[in-house]
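Notebook open, structure loaded. I'm jotting down what I look up as I go.

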Amino acid sequence: MTERQPSRPPAPPTPPRISPLPFGGMIGLACVLFLDLGTAGVLRWWAVVLLVVAWVVLFVVALAWWTPHPRRLPWLAVTGLVLWVVVVVVVNVALT
């Protein structure tokens, strides 16, 4: 007895779903960079340099985590925002 051939070809496999989380994390990091650079008129120059160096570190970590840990990228943006708030408050309170 012969096997019956299917009447239509099988459906192609569905591509894996792309997570929006790493894109959101990178958008958040871009916003944090604007905050860091926007405080140049308010903070001392060394505090702005500290914030930008911290942002570069967060950005490099985000690039390294893009594929293996996409769910962690938004937390890097949150970390950058919290660091910005802490530095702005501490520098303004300590120097007044």
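Predicted model: local features only at pLDDT ≥ 70, side-chain atom pairs only at ≥ 80, totals over all residues.

Where does A40 lie? I find A40 in the loop between α1 and α2. Numbering runs from 1 along each chain as its sequence is written, and side-chain values use heavy atoms, with hydrogens and water left out.

Helices here are DSSP runs (H or I, at least four residues; strands would be E, at least two), numbered from the N terminus. My cut-offs are under 20% for buried, over 50% for exposed, and partly exposed in between (1.4 Å probe, protein chains only). I also checked A40 against P20: they are 20 residues apart along the chain, and their C-alpha atoms are separated by 32 Å.

T39 lies in the loop between α1 and α2 too. Is T39 buried or exposed? T39 has 8% relative accessibility, so I log it as buried. Leaving out residues up to four places away in sequence, T39 touches V48, L51, W84 and V88; contact means heavy atoms within 4.5 Å.

**Helix packing**

I took α1 and α2 next. They pack at an angle of about 170°, and their axes are 9 Å apart. The axes are lines fitted to C-alpha atoms, for helices over the stretch in contact, and the angles run from 0 to 180 degrees between N-to-C directions. α1 and α2 are therefore roughly antiparallel. That label needs over 145 degrees; under 35 is roughly parallel, 65 to 115 roughly perpendicular, and the rest oblique. From α1 the contact uses M26, L29, V32, L33, D36 and L37, and from α2 the residues include V52, W55 and F59. By class I get 13 nonpolar, no polar and 1 charged residues for α1 with α2. The classes: Ala, Val, Leu, Ile, Met, Phe, Trp, Tyr, Cys and Pro are nonpolar, Asp, Glu, Lys and Arg charged, and the others, Gly among them, polar.

For α2 and α3, the angle is about 170° and the axes are 10 Å apart, therefore roughly antiparallel again. On the α2 side I see W46, L50 and W65 among others, meeting residues of α3 including L76, G80 and W84. This contact of α2 with α3 has 15 nonpolar, 2 polar and no charged residues.

**Rings**

How many aromatic pairs does a search of the whole structure find? I get 2. Rings of Phe, Tyr and Trp (its six-membered ring) pair if their centres lie within 6.5 Å; planes under 30 degrees apart are stacked, over 60 edge-to-face, the rest tilted. F23 and W66 are edge-to-face because their planes sit at 90°, with centres 5.0 Å apart. F23 is in α1 (residues 21–38) and W66 in the loop between α2 (45–65) and α3 (73–94), so the pair ties together parts 43 residues apart in sequence. Both are partly exposed, F23 at 44% and W66 at 29%.

W55 and F59 are stacked, 5.1 Å centre to centre and 10° between the planes. They are 4 residues apart in α2, so about one helical turn separates them. W55 is buried at 14%, whereas F59 is partly exposed at 29%.
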